[in-house]
Amino acid sequence: PNRPKDGMLVVKVTRPNTVEGMTLEFHGSFIKDPKYGHQFIAQSAHEVLPSTTEGFIAYLSSSHFHGIGPVKAKKIVKHFGEKTMEVFNTQIERLKEVAGITEKLFEQIKQGWEKNKEVNEIMQFLMEYGMSAVFATKVYHHYGRNCVNQIKEDPYDLARNIEGVGFKKADAVALALGFAVDSPLRIKACIQHVLESSEQEGHCFLYEEQISAGAEEYLGFDLAQMGTLLPMLEELEYDEDIAVLRSETDKDRFYGKRLYRNEQYCFEKMSRLSKVKHDIQIDEAELYDHIQKNVGIELSDEQRTAVLGMLRSGVSGLTGSPGVGKTATTKAVVEALRFLGISFSLCAPTGRASKRMQEVIGHEAKTIHRLLVWDPVNNGFAHNEKNPLGAECVIIDEFSMVDIHLAAALLKAIPENSMIMFIGDPDQLPPVGPGNFLHDLIDSKVINIYRLTKIFRQAAGSSIVNFSHAMNRGEVPNIENPLTEPHLWE
């Protein structure tokens, strides 16, 4: 009763590799859309072979088979008649018997036919195990030929390589295929999932007991009952996906491999840059006089020390609580770079921070992503070790918000002989991603850190500035509160 009277029906379905001329069988339900009328919402779609000669000619003439138009399609069907489908399925080499089917065209037809069979097989397989058809194309592009058999060997590989397929979906496929609940492949995949999930909470690594606690929710049993994790992972060649940092004084640390590599890279690059010294010969009095005249800043002694120290370091940091003149000092450093003829780039982690930096400094500032130029095609940054940034100095503001992955990407784009300057307050906003890079960098004492402490006159009257300094000293500020002292409302 829900079918449209005119015989025309709109079907809504998600299915890759769909072309005109294809015959599909849909499974789903009818609806009546308030705007578009009767429609059919398909939960799945399976290709069936055309039932008529005309249908098969239309199918072969479609864009799915490059090089076959209506003329060649008719020739193929006329040559093989009722056996056309059998030829395609079992004796495709016989297509060369047809006049006009060259070796090159035959290869195109063969590839198109095999790809279509493969995609149909993937779709049927994924839907059978409760996964959406939208993953079929991604799966085919990643695995290529014989992908269903590859998935059956290790369903958890889906979670590692196909975006949108997490551990839970891959685990459902694996268990349906008959994998044991204590399968080594399942345990390893679960550990990877727990480590990746912990990154979203800001962690770089986990200890063994934290992994066991996190994995129990997914596995349904306590990993600790099976013994220590390391022997299990060693059996599965964990080094491909998981890194373990052994320690004689602390517990072993378990990392996701990508994060471990990025953390290691940051350490090595910062160590190298910290050894770089720039021999800048300059009349200090002349420089300070130039800064005062051009940007109107009279530098304090600690600010002067910071400006000169940062100009002579391969890598350095400027930090301090609110109101101590970090922005003014950064402005002075930028004016000094202009004075010395050193090219520079300004950036910050967010659009708001980069906009404020540009307004205050008076020079173009970009987000880190825009500076490095995100390349969506290759899923990476255009500027890297092979294509470094051209500026001789890079200054990054609000660096407390930069996580370990973005820090590694930025450092990869910095040439070895450049200057890099980090500006930020480790007590302010931490990264959304893993790590606490600025805080750890300051604690490491690997690079020169210039900490400003003097509160300037214009900030000294600010309650927020004074309260923040008190809290950093471990003191409870005396904040008058109208909720407890109602007369303050007046």
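## Exercises on a predicted model

Phe422 of strand 12 has Ile396 standing opposite. This is a predicted model, where local features need pLDDT of at least 70, side-chain atom pairs count only at pLDDT 80 or more, and totals for chains, interfaces and linings use all residues. Residues are numbered from 1 along each chain as its sequence is written, and side-chain values use heavy atoms, leaving out hydrogens and water.

**Exercise 1.** Find which strands are joined to strand 12, and state how they run.

*Solution.* Start with the terms. Helices (H or I, at least four residues) and strands (E, at least two) are DSSP runs, numbered from the N terminus. Two strands pair if DSSP finds at least two bridges between them.
- Strand 6 (residues 315–319) is joined to strand 12 by four bridges, and the two run parallel.
- Within that pairing, Leu318 has Ile423 as its bridge partner.
- Strand 11 (residues 393–396) also runs parallel to strand 12, again with four bridges.

**Exercise 2.** Decide whether the residues on each face of strand 12 are buried or exposed.

*Solution.* Buried means under 20% relative accessible area, exposed over 50%, and partly exposed in between (1.4 Å probe, protein chains only).
- Strand 12 covers residues 419–423, and five of its five residues are buried.
- In a regular strand, side chains alternate between the two faces of the sheet.
- One side of strand 12 holds Met419, Met421 and Ile423; the other holds Ile420 and Phe422.
- Both faces are therefore covered, with all of these residues buried.

**Exercise 3.** Check the length of helix 13, then locate its buried face.

*Solution.* The expected span of a helix is 1.5 Å times one less than its number of residues.
- Helix 13 (residues 284–295) has 12 residues; its first and last C-alpha atoms are 16 Å apart, close to the 16 Å expected.
- Its buried residues are Leu287, Tyr288, His290 and Ile291.
- An α-helix has 3.6 residues a turn, so residues three or four places apart point the same way.
- Ala285 and Lys293, on the other side of helix 13, are exposed.
- The buried residues of helix 13 pack against helix 14 (301–311) and helix 15 (326–340).
- At the N-terminal end, Asp283 is the cap: one of its side-chain oxygens lies 3.0 Å from the backbone nitrogen of Ala285.
- Just after helix 13, Gly296 has a positive phi of about 70°.

**Exercise 4.** Describe where Asn472 sits and what it is in contact with.

*Solution.* 
- Asn472 belongs to helix 21 (residues 463–472).
- Its relative accessibility is 40%, so Asn472 counts as partly exposed.
- Setting aside neighbours within four places in sequence, Asn472 is in contact with Ser321 and Asp427.
- Asp427 and Asn472 are 45 residues apart in sequence, with 8.1 Å between their C-alpha atoms.

Methods. The arc is that of the directions from the helix axis to the C-beta atoms. Contact means heavy atoms within 4.5 Å. A polar contact is a pair of N or O atoms within 3.5 Å; within protein, one must be able to donate a hydrogen and the other to accept it, and residues adjacent in sequence count only if both atoms are side-chain atoms.
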